[in-house]
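Please examine the structure shown here together with the explanation below it.

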Amino acid sequence: MILACQNITKAFGEHTVLKNASFHIEEREKAAVVGINGAGKSTLLKIIMQELPADEGHTVISRGKTIGYLAQHQEMTGGNTIFDELLTVKQEILNMETQLRGLEQSMKHAKGEQLSALMDSYSRLSHDFERQNGYAWKSEITGVLKGLGFEESDFTKKTDALSGGQKTRVSLGKLLLSRPDIILLDEPTNHLDMNSITWLETFLLNYQGAVMIVSHDRYFLNRVVTKIIEIDQGNVTAFSGNYSDYAQKKAQLRNAQLQAYLNQQREIKHQEEVITRLKSFNREKSIRRAESREKMLEKMDVLEKPTEVRADMRIELEPRFPSGNDVLSVEHLSKAFPNQTLFTDLNFEIKRGERVALIGSNGTGKTTILKILNGVLSADRGEFRLGARVRIGYYDQEHHVLHMEKTVFEEISDAYPALTNTRIRNVLAAFLFTNDDVFKRIGDLSGGERGRVSLAKLMLSEANFLILDEPTNHLDIVSKEILEHALNLYTGTVLFVSHDRYFINMTATRILDLAGQTLTNYIGNYDYYAEKKETRSDFTSSPSPVSGSLPAPSESDAKLDWKQQKEQQAQLRKKQNELKRVETRIEELENRDKEIDELLTREEIFTDVAEVTKLSAEKETLQSELESLYESWESLSES
């Protein structure tokens, strides 16, 4: 055991976020802390780091073990370059290197015993230097920086001028290089693109120390952790396994707890009814029995009602009317900014009912494409066409579609003036804005709250083509699952940009990968995309944690063959239509087969030899056709 938390309790005013929390972390164990926003996850990390005092309880770190911590927000001053900032972690190595050079100079002029003593010192120091990977410090720093998404041209940038997200990545790099015995990470993937997240996964999986992570990235947690520490209404419970294992066990546990709660509530209600009835008899013996039952109820340990899945935010997405089959057609689209070409000659189509994820590294132009489609930016070349009866609903990750000076209520009422005040309040309550919350200014809201306002407007739009830019940013896991469920039930069409691989996996039916200034099409979800990408002849596996980031696909391999894409889509639609035809025919024949069986039980039929012969022959024919259709269905389903 390297870390133990024992009976940690913490409250802010009347709100208790942690109640007698106890758990431990073993050496080299990878664990995650999960819970809804505001559950106390970051608070727990700060208590472990002694940045916040616990009201009760304490933490224990094994003697001699080191601990490192990455908070969500980082301040960085001092004027260092990015490379020099990471170099500060290697100061001990640099000092050793300086000592070695000094000993080398001294040995040139020493003789006899002095030389022997210098050589002994040099040998010991050289051994320590090599043990601490001193000869590879430069490549190690370079590998970490590239792995976290920095180009070599970025290495000389001053940290003072970096964005908040870039500073967080620099701080993460410093922490990883320092290699403490246990690392605490608070939302480490928030400012990383997919390649960098994949690199970090590999680094942490190979890391020799223990890791404790707060994250809403379920795909990341599935890949890295073997223990989940859940905070739910202040109660802390540990589950073995990754996130999917936890979700399954949690569902089973919640069902059992809910059933126990309901059983107890039924028993309480029953006893209360019996008590009331006994008292109504107005006899001494009956009253004593009633009082006895009341004492029994008072001593009962009443169970708390377990939190319900999807009990908070409610999203119902449904178009007012369907669009035509052709929703979007993009031809020869190009866009460049000074000193940067984002993409050239993009061609793709989207059909009704598709849920298309647009993915790619940071800075490749994904959000720019969405802005062009929404008329926020103009393309340099090319065009796009919307199909018949297409009505767009746009979710902007920067929330530029919101008015910072308006209240939450005004934002909805001004956008939808036909709605009654009651309807507006009901909608806002579905997105967790109740009472005086509806009169908060948009400009005063947190990122998560603005996201919920944008989702409320999106729901009210009743659009049949949703264009979403990072819709899961600032959402906790439960809210993400609510949005996933709503999108999977949605009968319209969706085009979205996201770095959330689990979200993509659960919702996308097709993926467009933007890399090398062009698109590659994958028909399937994220797991399918990852599998196909790995089998590409030019694709190599993730680098070692110190060797740099993944190589980008060459431009020739990344070229999107538009004609081939259209052929693939046509073949897929043809297969789906054929499958539907076969299923319909099977249903028809099976129904007729049942009719024949029913007819053959009637006396007027089974006594008529000619009719029985006719029906038997028909039954034999349709059975033969059914056998053939079953084989066709099986073949179409597997292909």
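Predicted model: local features only at pLDDT ≥ 70, side-chain atom pairs only at ≥ 80, totals over all residues.

Residues are numbered from 1 along each chain as its sequence is written, and side-chain values use heavy atoms, with hydrogens and water left out.

In soluble globular proteins, nonpolar side chains tend to be buried together. A nonpolar core is here a set of buried Ala, Val, Leu, Ile, Met, Phe, Trp, Tyr and Cys residues joined through side-chain atoms within 4.5 Å; buried means under 20% relative accessible area, exposed over 50%, and partly exposed in between (1.4 Å probe, protein chains only). The largest such core has 96 residues, and Leu204 and Phe431 have the most contacts inside it. A second, separate core of 26 residues includes Phe23 and Met212.

Strands are DSSP runs of E with at least two residues, numbered from the N terminus, and helices are runs of H or I with at least four. Lys30, Ala32 and Val34 point one way from β3, whereas Ala31 and Val33 point the other way. Two strands pair if DSSP finds at least two bridges between them. β3 pairs with β7 (residues 210–214) in the parallel sense over 4 bridges, and Lys30 has Val211 as its bridge partner in β7. β3 also runs parallel to β8 (residues 227–232), joined by 4 bridges.

Phi is positive at Arg179, near 50 degrees, and at Asp345, near 55 degrees. Arg179 lies in the loop between α6 (164–178) and β6 (182–186), whereas Asp345 belongs to strand β11.
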